[in-house]
Each structure stands twice: as C-alpha cells, then as structure tokens.
Amino acid sequence: MKKLCAIILPAILGVILSSCTWVYQVTGMEEIALASETTEQQPPDPRGALQTNDTKAVPTEESAPRLREGRYSNGKYIMELTSIGDQSEEGYYIIIYTPQYGIQMFIGATRESDAWDDTFTVTDNDDSRVTLVVDPSEDGRVLTAQMLVDGEEKTIISGEYTYYDEEYWETEKTLSSAGIVAGDYTNAGYRMKILYSDHCINVEIYSVYGKLLLQTAKQTDEILHSAVFEGEWGNMMLISAGDGSGKVVVSGRDDGDSPLLFAGTYSLST
C-alpha cells in the first residue's frame, strides 16, 4: 500500500503542478493581451491634450504685420517709409512724391504701434486738413492709401502702393541721379539762369519781357539734384528731371501763399 501511494502521489502532484503552470501561462498571456487591448481602446489622456495645446503657437504682436521700411509705388507716385529711430517714440516718416521730378505730395509720421492696427491715419505735416488712411496687407508688401481733405476723399495720391524690389529701385535711382546743371533755361517765355560759383548755386528768373523777377542763392559745394529757396518773397523748389533731358521743375508759393507765376518745367537751352 505504501508503495502504491508512493507511485500515485507523485503522479497526482505532477498533474497539479502542470495544471498550475498552464493556468499561469494562459492567464499571464490573457493579462498581457487585455492590458494591450485596454491601452488601444482607452482614449488619450486629457492631460496630454492640454500639454499639446499649451505648446501651440499663439499669435502675438511680434507675428503681426509691420510696415516695411523702404519705397512703394502705385505706378504714378512713390511712397517712401523711413524709420524715425527716436528712442522716445519709434515709428516712420511717410513721404509721397512724384518719381520723375520728386515733387512732394504728402509728408507725415506714424508711431510704430499704429502699424499693428488693420488701418491707421497719418496727418500731413504741412496741412492738417489733409490725412492719409493706410491699410497694410498681411505681409506688408502692399499699402492701400486713401487721401482725405477735410474728410472728403481725393484720388490724387490714393491707390495701392506695392513694395519696390531692390533691383527695380536701383534702376530708378540711376535714372534720377542727374543733378541741376548750370546754364540757361526757358519755360513759356520765362527764362532762368543757373550758375555755380563761390560755393553757391545762384538762380535768376526773368519775365517774358526780360525783367528780373527773382534772384536768390543757396550754399553748396556740389551739384544739387534738388534745392529749396526761401525769402520774404516766398519759397521755391528746384528739382532736376534726372532723366538726362536737362529739364528742371520749378514750383513754390509767393508771399501771399499763391502759386508762383513762373512755375513750370524749364528746358535747358542748347
């Protein structure tokens, strides 16, 4: 009997141990599979989503459109933006002028903070009745300008101004580099004489009858591209055409704030 128990007992223990091992292996695999399945079916951790949102780029003033310093053109006029660079107030000077003669049509200043706005308004330095409403594009390459006089729109310099490419501007700069040449000029019967001497540019203008209407001078040691003269008689600006034609544009106002009678485009006599 003892021999029989010795034989049967190990056999029974072996079966039990084998069964335990099989159960452990099966349940272990099921736990692993269940854990994997649970992980796949479980929705993303909301804390992870919050972390992703926290790192998402948020628009700031630094990413907002800014004005580009440089020159713009609408095909008729040039708009030039020059940085003020003043520590007390940063911003830009805005000047609009004709490309051929450089006649100034508008000049004003805007603070850099205004450039963050969709649109901003600039007042002309010489005439507070004249304002310019500017709407920059998202990339700052196009400025839509609207000129207002006493609140009413004027289309003189209004329009879309596109940023100049450097190559195009260099070409324009070359064409407009010629200065005011000394010599005799005529315009609709008026005669103008320009002479460089004694570190000055001297200008004399005569009527159609040969009467001296204006005699003025300005200090300079070089040939000028443009020059402004002022006196009790009023003010006058001379600007070279800059295209090799030898023409000079004369503009200005007399002491009564009326346009100069002899203003116009003067051609160099040959």
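The chain exposes about 18,000 Å², of which carbon and sulfur atoms supply 53%, the areas coming from the Shrake-Rupley method with a 1.4 Å probe. What you see is a predicted model, in which local features need pLDDT of at least 70 and side-chain atom pairs count only at pLDDT 80 or more, whereas totals for chains, interfaces and linings use all residues. Residues are numbered from 1 along each chain as its sequence is written, and side-chain values use heavy atoms, with hydrogens and water left out.

Of the 270 residues of the chain, 27% count as buried, that is, under 20% relative accessible area with a 1.4 Å probe and protein chains only.

Let me turn to serine 158, which lies in strand β8, residues 152-163, strands being DSSP runs of E of at least two residues, numbered from the N terminus. Serine 158 is buried, with a relative accessible area of 16%. Its side chain reaches the backbone nitrogen of methionine 147 at 2.9 Å, and a polar atom of that side chain lies 2.8 Å from the backbone oxygen of lysine 154. Leaving aside neighbours within four places in sequence, serine 158 is in contact (heavy atoms within 4.5 Å) with Asn74, Ala145, Gln146, Met147 and Glu153.

Which residues lie nearest the centre of the largest pocket? They are Gln104, Met105, Asp126, Asn235 and Arg253, out of 23 lining residues. A pocket here is an open set of points on a 1 Å grid over the protein atoms alone, where a 1.4 Å probe fits, with protein on both sides within 12 Å along at least five of seven lines, and lining residues have an atom within 4 Å of a point.

Methods: Buried means under 20% relative accessible area, exposed over 50%, partly exposed in between (1.4 Å probe, protein chains only). Helices (H or I, at least four residues) and strands (E, at least two) are DSSP runs, numbered from the N terminus. A polar contact is a pair of N or O atoms within 3.5 Å; within protein, one must be able to donate a hydrogen and the other to accept it, and residues adjacent in sequence count only if both atoms are side-chain atoms.
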